[in-house]
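This report goes through aromatic pairing, sheet architecture and charged side-chain contacts, in that order. Please keep the sequence and the coordinates at hand while reading.

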Amino acid sequence: MPDVARILVVDDEPYITDLLGAALRFEGFSVEVASTGTEAIAMAQRGRHDLVLLDVMLPDVSGTEVCRRLRAEGIQTPVLFLTARDATEDKVEGLTVGGDDYVAKPFSLDELVARIHAVLRRTSGLVGADQARLVFADLEMDDDTHEVWRQGTLIDLTATEFNLLRFLLENSRRVLSKSDIVDNVWTYEFDGDPNIVETYISYLRKKIDSFDPPLIHTIRGVGYSLRVARDREADGV
């Protein structure tokens with residue numbers, strides 16, 4: 001299995017492909033670029049990619065049609081749609097034809113990279129040599145042994161705290177709403193008070209963020225994010 005995940009970036013705007021190519025290579029990915037749907041299909045058919053970052057609005061064939069054709073040919077390379085269109089019906093269409101996730105422009109590079117990592121973990125498991133271990137900054141989790149370390153110190157977590165932290169780690173740098181967290185940590189059958197998320201975030205902070213720097217951040221009016229605080233957030237793209 002290759003150590004470096006290979007990304008095919010498909011967009012007809014050179015500015016976007018140049019920017020994404022540079023950003024993804026900086027993150028350690030191998031990147032190839034296509035500017036049309038036809039070119040993307042031909043390159044994807046060679047089977048050399050671990051994920052396709054696919055713009056929906058292409059000059060010849062739409063991104064959704066590209067994905068549909070790939071799936072019809074039995075090509076199961078994960079597809080993350082990238083588009084300025086964020087209507088619910090567009091998202092549903094993209095996922096219905098076999099897409100794995102959907103990012104609407106404008107987006108931050110941090111969010112995009114986090115989504116790519118999450119898709120790769122769910123599908124091909126290419127992110128990280130030890131797939132049972134999740135790592136962010138100096139925080140480590142071993143899913144097999146249910147152990148967590150911060151700066152090498154073992155931290156004792158309850159089952160719910162562990163599940164919450166796992167979800168934050170799997171989506172590191174992405175902003176997660178309370179409903180996102182409830183649906184993925186407490187499951188869709190949960191019908192209690194969603195403010196339980198605040199309670200458990202507080203529990204986690206007392207254990208995880210007793211070390212510096214703090215990693216669990218509140219994004220006011222939006223949700224929570226596991227990230228290293230910086231002076232300036234990535235510019236929207």
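Which residues form one aromatic cluster? In this predicted model, the cluster is formed by Trp-186, Tyr-200 and Tyr-203. Within it, the rings of Tyr-200 and Tyr-203 have their centres 5.1 Å apart and their planes at 75°, so this pair is edge-to-face. Tyr-200 and Tyr-203 are three residues apart in helix 8 (residues 196-208), which puts about one helical turn between them. Tyr-203, at 36% relative accessibility, counts as partly exposed.

A search of the whole structure finds three aromatic pairs. One of them joins Phe-81 and Tyr-102, whose ring centres lie 6.3 Å apart and whose planes stand at 45°, so the pair is tilted. Because Phe-81 belongs to strand 4 and Tyr-102 to strand 5, the pair ties together parts that are 21 residues apart in sequence, and both Phe-81 and Tyr-102 are buried.

Strand 1 (residues 6-10) runs parallel to strand 2 and is joined to it by five bridges, with Leu-8 standing opposite Glu-32 in strand 2.

Side chains of opposite charge can pair when their charged atoms come close.

| Salt bridge | N to O distance |
|---|---|
| Arg-166 and Asp-143 | 2.9 Å |
| Arg-150 and Asp-209 | 3.5 Å |
| Glu-161 and Lys-207 | 2.8 Å |

Glu-161 lies in helix 6 and Lys-207 in helix 8, so their pair ties together parts that are 46 residues apart in sequence. Glu-161 counts as buried at 4% relative accessibility, whereas Lys-207, at 27% relative accessibility, counts as partly exposed. Elsewhere, salt bridges that share partners join Glu-65, Arg-68 and Arg-69 into one network. Of the other tabulated residues, Arg-150 and Asp-209 are both buried, while Asp-143 counts as partly exposed at 30% relative accessibility.

Methods
Residues are numbered from 1 along each chain as its sequence is written. This is a predicted model: local features need pLDDT of at least 70, side-chain atom pairs count only at pLDDT 80 or more; totals for chains, interfaces and linings use all residues. Side-chain values use heavy atoms; hydrogens and water are left out. Two strands pair if DSSP finds at least two bridges between them. Helices (H or I, at least four residues) and strands (E, at least two) are DSSP runs, numbered from the N terminus. Rings of Phe, Tyr and Trp (its six-membered ring) pair if their centres lie within 6.5 Å; planes under 30 degrees apart count as stacked, over 60 as edge-to-face and the rest as tilted. Buried means under 20% relative accessible area, exposed over 50%, partly exposed in between (1.4 Å probe, protein chains only). A salt bridge is a side-chain nitrogen of Lys or Arg within 4 Å of a carboxyl oxygen of Asp or Glu.
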